[in-house]
2 protein chains.
Amino acid sequence: MNNFTFYAPTYFAFGKETENECGKLVKRFGGTKVLIHYGGGSVVRSGLLERVKTSLKEESISFIELSGVMPNPRDGLVYEGIDLCRKENVDFILAVGGGSTIDSAKAIAAGTVYDGDFWDFYEGKPVTEALPIGTILTIAAAGSEGSPDSVITKEKGMLKRGASGEAYRPKFSILNPALTQTLPAYQTACGITDIIAHLYERYLTNTTEVEVTDRLIEGLIASMIHEGPRVIENPDNYEARANIMWAGMVAHNNICGVGRSQDWTSHNLEHELSAEYDCAHGAGLAVVMPAVFTYTMKQDVMRFAQIASRVWGCQMDFYHPEKTALEGIERLRCFLASIGMPLTFEELGAKEQDIEKLAHTACYGDGSGSGKVYGFTTLEQTDVENIYRLML
Amino acid sequence: MNNFTFYAPTYFAFGKETENECGKLVKRFGGTKVLIHYGGGSVVRSGLLERVKTSLKEESISFIELSGVMPNPRDGLVYEGIDLCRKENVDFILAVGGGSTIDSAKAIAAGTVYDGDFWDFYEGKPVTEALPIGTILTIAAAGSEGSPDSVITKEKGMLKRGASGEAYRPKFSILNPALTQTLPAYQTACGITDIIAHLYERYLTNTTEVEVTDRLIEGLIASMIHEGPRVIENPDNYEARANIMWAGMVAHNNICGVGRSQDWTSHNLEHELSAEYDCAHGAGLAVVMPAVFTYTMKQDVMRFAQIASRVWGCQMDFYHPEKTALEGIERLRCFLASIGMPLTFEELGAKEQDIEKLAHTACYGDGSGSGKVYGFTTLEQTDVENIYRLML
């Protein structure tokens, strides 16, 4: 196990009607002038926004609003938010929505207190300072409610890039599973897929003897295999929603990823697809993951055989472990299909003739990249092209 | 799943030589005058205390010392520590040791800033304020390095009682697995047993549909089954020590116990044994757990069958699940024996003729108890006596 530090000081209020605590929690963590940041229709239509405002008013906390966050959140709205926060002396940002809204809120929070261009953080500058952030989560997926991460898309060139730093951990996150019950099946399944990806990409490590974190990851994936079909069958299943929501946080706050190298190849290759075709991140991951795993499996066949056996219920073929490993990847594909996820490039609206360009951007970015994708294995542009071709 | 809050804002520095960070961490969390609290010989002999002092001096942090913590830490030393902290204007307590030392430090931290008798907290008053605490862990067991809990024994009447509160979460904890390599096999096994008990007592719930936390707990127990024999065979196995150390924290910071009722019957019944006979807490638990589980199994046979099947590798007997459940408990016993733990009352130095008195104290405490032990099931004094008899 590698040396590590772990610091996850987010306060979680979990369960029914917990959104009504938001005023008290903003106050507890020092907010006096709040920017409520959200996407659009559903937060308003469901009455959630009104409940949030009522809770803030009850604590005499003043607020302004900025809506319009879209999936794969853009830098344009971030700049708008930064200007607004500075002009209005906002001292706390409350994100009401899913990962996109929270990621956008994080970027605004860092940009507001930074002299330069907030995009610097998305080109590698560590985030050391930001306005305090609170979240009210409406989609179990990204794990941004408990993570130090944020992903933003730069409109010019459609570059999708991540930033990270301790200051990005929310002060509090409110997780009410009932708020996710109105989510369409497709988006629910995209969320489950994203959670599974966060787990697989921690699982695929070159660090040896990490049994505890291996077992935690396996347990979380197994629980998603159990809960996924239940919630697709019955979207109102509160208990299944609750399990998925907590798993989404635990999967990505890194308690099960400490002390081990991680992968993130699937996320990197997917980011090119959702930036280019604006497909849902989870749907992109469903297409990308099996291809990446099949291509990189030879790096450590036993690791794939282990997860196939322990999580997917495959009988271990002790004489041909690669068969077990492949069977595990195939069961992952079947599971993703069973919850309604796409499996091919075409289903995403992606085009074969773009493969070279996609692979080039994945490897070189906007010119600043190294020419390689680092992770469980190191991939050259030709490797990435081969992987994208496996998705056809 | 029940509504819950989860807030675990402890900073963890994990790995080789991390104790040398303690000066910087005390400074980061605002300490200027430190009480170093520890047990005795080994912390001094190993040179750890000197390294801690050097690290504090490098940051120009002044300190005083209070040693003498014993297993099953006593109130006498706590009172001494409180007087010392007040007299010397201590503003930060650094515990260097295992769970006993950390628990003693927590009691001192709360007592120093409290007008009344610190024992009030151990009779049920919530801990809302305490001096900040840091820990350097030398035994993987109690999980006190990441928990809001503390257990102290009142010398008068030998009452062993717990207290809890947010203010008891350490500001930072330093976990260097190498510091545990000199621990004798018996104490190491006691620690592993305590970790397993923390997991079982969260597993035994009357809350339904808690798949995610079930799976996390199962994974952690499975990893202890894997790592335990490795570290008993080779005490210098750093990797096994590292896995056990991280599991000890995760098992008890409650990330896998949220939103579900918990048990704690085994801990309650064990506390009477270690208070009366001063046996090691883990050794007591090894004797208590199989008896408690056998007696309370009928409350939810399927829960015991599930852990037997998923964790202990028992083949499920679908027509007689109680056989599978019992087989799981038997495998737990065998595992505990295999790492050198006692299995009977006699091996602990406990006496059959004390059973009525032990059961009475467990149920009624020093007179303030309700006459019952609440947990996975509700036990009367006669039940508790029956359970103790199963240990003969």
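This is a predicted model: local features need pLDDT of at least 70, side-chain atom pairs count only at pLDDT 80 or more; totals for chains, interfaces and linings use all residues.
**View 1**
Let us begin with a sheet of seven strands, in the order β1(A)-β2(B)-β9(B)-β6(B)-β5(B)-β3(B)-β4(B). The sheet is open, and its pairing is mixed. Which strands sit at the edges? They are β1 (4-6) of chain A and β4 (62-66) of chain B, each of which pairs on one side only. On average, neighbouring strands here are turned by 15 degrees against each other, direction ignored. As a reminder, strands of a sheet pair through backbone hydrogen bonds, either parallel or antiparallel.

**View 1. Where β1 of chain A meets β2 of chain B.**
This view shows the pairing between the two chains. Is the pairing of β1(A) with β2(B) parallel or antiparallel? The two strands pair in the antiparallel sense, over three bridges.

Strands β5 (residues 92-97) and β6 (residues 133-137) of chain B run in the parallel sense and share five bridges. Pick out B:Ala95 and you will find its bridge partner, B:Thr135, in β6(B). Helix α5 (residues 99-112) of chain B packs on this sheet, where it touches β3 (33-38), β4, β5 and β6 of chain B. The direction of this helix makes about 165 degrees with that of β5(B).

**View 2. Helix α8 of chain B across strands of two chains.**
Helix α8 (residues 238-250) of chain B lies across β2 (11-14), β6 and β9 (172-175) of chain B, together with β1 of chain A.

One pair to look for is A:Phe12 with its bridge partner in β9(A), A:Ser173.

**View 3. The interface between chain A and chain B.**
How many residues does each chain bring to the contact? Chain A gives 46 residues and chain B gives 46 residues. Between them the chains bury about 3,800 Å², with 60% of it on carbon and sulfur atoms. A:Met1, A:Val212 and A:Trp246 supply 17% of the area that chain A buries against chain B, more than any other three residues.

Side chains of opposite charge can pair when their charged atoms come close. Between chain A and chain B there are four salt bridges. One of the salt bridges in the model joins the side chains of B:Arg230 and A:Glu209, at 2.7 Å from N to O. On the side of chain A that touches chain B, the elements giving two or more residues are β1, β2 (11-14), α7 (211-233) and α8 (238-250) of chain A. Which of them gives the most? That is α7(A), with 13 residues. Sorted by class, this side of chain A has 25 nonpolar, twelve polar and nine charged residues.

**View 4. A salt bridge between two helices of chain A.**
Over all chains, the count comes to 38 salt bridges. In one of them, the side chains of A:Arg303 and A:Asp214 meet at 2.9 Å, N to O. A:Arg303 belongs to helix α11 (residues 301-310) and A:Asp214 to helix α7 of chain A, so the pair links distant parts of the chain, 89 residues apart.

**View 5. Two loop residues with a positive phi.**
Most residues other than glycine have a negative phi. A:Asn254 is not a glycine, yet has a positive phi of about 80 degrees. Its place is the loop between α8 and α9 (265-277) of chain A. B:Met158 is not a glycine either, and has a positive phi of about 45 degrees. B:Met158 lies in the loop between β7 (149-154) and β8 (159-164) of chain B.

Notes:
Residues are numbered from 1 along each chain as its sequence is written. Chains are lettered from A and ligands numbered from 1 in the order in which they are written. Side-chain values use heavy atoms; hydrogens and water are left out. Two strands pair if DSSP finds at least two bridges between them. Helices (H or I, at least four residues) and strands (E, at least two) are DSSP runs, numbered from the N terminus. Axes are lines fitted to C-alpha atoms, for helices over the stretch in contact, and angles run from 0 to 180 degrees between N-to-C directions. Contact means heavy atoms within 4.5 Å. Buried area is the accessible area (1.4 Å probe) that two parts lose on being put together, summed over both. Ala, Val, Leu, Ile, Met, Phe, Trp, Tyr, Cys and Pro count as nonpolar, Asp, Glu, Lys and Arg as charged, and the others, Gly among them, as polar.
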